[in-house]
Amino acid sequence: MKKTITTLLLLSCITAFSFAQSIVMTSGTIDFIKDQQVIQFTFSYDEVLVGKLTESEYVDKKSSEYNAKEEGKGDQWKAAWYGDRKERFEPKFLELFDKYMSEVGITAGTEGAQYRIEINTDFTEPGWNVGVMRQNASVDLSCKVKKIETGEQVASIRIRNASANNFWGTDFTSGYRVQETYAKAGRELAKFFIKKAKLRKIKD
């Protein structure tokens, strides 16, 4: 039995790391960021796919299933699904973006920002965790970088398979799992900017 559980855990880890995250700049340049101190962000969720379903199909299906098991539970789940965007996902993305970009003198904000990064969530995999087996959550994001004054788009960036998991395996709620994927995306976007634009850390 112990051997079987160990094997399942190993298979789970292999599955979790089979698909690496990628960040690709599909058009434009990120040279703009070298002279910036503040970057504005907006988030949208237009035409999101969840697994193999549209978001509305997925939400209707899950809320109906939960309500069938316990009256009102599906309604609570639905409210949390949409509420987590502002309460968990977006703040976590910005928190991790700031953590790394602040080292090079750049933070997310509005005051003084000359450029805006418009992030749309294209795909969400909520994942699952049943103890000995799990599937990590992941998100695909499209980022349009625009000059605020003119609306001119200067770059387009795609983040694919931003995936993360709780080290202790205690991420049993989809909200927490997906939250961590946004944190990972924010961190990796910051690292992408730092590396590609060759930004230097501010000296203490």
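Strand 1 (residues 22–28) runs antiparallel to strand 10, and six bridges join the two. Strands are taken as DSSP runs of E with at least two residues, helices as DSSP runs of H or I with at least four, and both are numbered from the N terminus. Two strands count as paired if DSSP finds at least two bridges between them. Within this pair, G28 stands opposite A155 of strand 10. The model is a predicted one: local features require pLDDT of at least 70, side-chain atom pairs count only at pLDDT 80 or more, and totals for chains, interfaces and linings use all residues. Residues are numbered from 1 along each chain as its sequence is written, and side-chain values use heavy atoms, with hydrogens and water left out.

Strand 9 and strand 10 (residues 153–164) pair in the antiparallel sense, over nine bridges. C143 faces I157 of strand 10 across this pairing. S138 stands opposite S163 in strand 10. Five residues lie between the strands of this hairpin, where G151 takes a positive phi near 80°. Strand 10 is largely enclosed by the rest of the structure, because nine of its twelve residues are buried. Here buried means under 20% relative accessible area, exposed means over 50%, and partly exposed lies in between; the probe is 1.4 Å and protein chains only are considered.

N161 is one of the residues in strand 10. N161 is not a glycine, yet its phi is positive, at about 55°. With 19% relative accessibility, N161 counts as buried. E47 also has a positive phi of about 55° without being a glycine. E47 lies in the loop between strand 2 and strand 3 (49–50). What is the relative accessible area of E47? The value is 76%, so E47 is exposed.

Strand 9 (residues 137–147) is mostly covered as well. Eight of its eleven residues are buried. I117 stands opposite V145 of strand 9.

T42, in strand 2 (residues 38–44), is 75 residues from I117 in sequence. In space the two are 6.4 Å apart, C-alpha to C-alpha. Leaving out residues up to four places away in sequence, T42 touches R116, I117, E118 and I119. A contact of this kind means heavy atoms within 4.5 Å. T42 is partly exposed, because its relative accessibility is 32%.

The helices were examined next. Two packed helices are described by the angle between their axes and the distance between the axes. Axes are lines fitted to C-alpha atoms, for helices over the stretch in contact, and angles run from 0 to 180 degrees between N-to-C directions. Helix 2 (residues 55–69) and helix 3 pack with axes 6 Å apart, at an angle of about 145°. Their crossing is right-handed. A crossing is right-handed if the near helix is turned clockwise from the far one by less than a right angle, and left-handed if anticlockwise. Helix 2 contributes E55, Y58, V59, D60, K62, S63, Y66 and N67 to the contact. Helix 3 contributes K73, G74, D75, W77, K78, W81, Y82 and R85. By class, six of these residues are nonpolar, three polar and seven charged. Nonpolar covers Ala, Val, Leu, Ile, Met, Phe, Trp, Tyr, Cys and Pro; charged covers Asp, Glu, Lys and Arg; the others, Gly among them, are polar.

Helix 3 (residues 73–101) also meets helix 4 (residues 174–196). Their axes come within 7 Å and cross at roughly 30°. The two helices are therefore roughly parallel to each other. Angles under 35 degrees count as roughly parallel, over 145 as roughly antiparallel, 65 to 115 as roughly perpendicular, and the rest as oblique. The crossing of helix 3 and helix 4 is right-handed. The residues of this contact divide into 16 nonpolar, four polar and six charged.

Over the whole chain, the secondary structure comes to four helices and ten strands. From the N terminus on, the elements run α-β-β-β-β-α-α-β-β-β-β-β-β-α. Of the 204 residues in the chain, 41% are buried. Among contacts between residues at least 6 apart in sequence, 72% join residues at least 24 apart.
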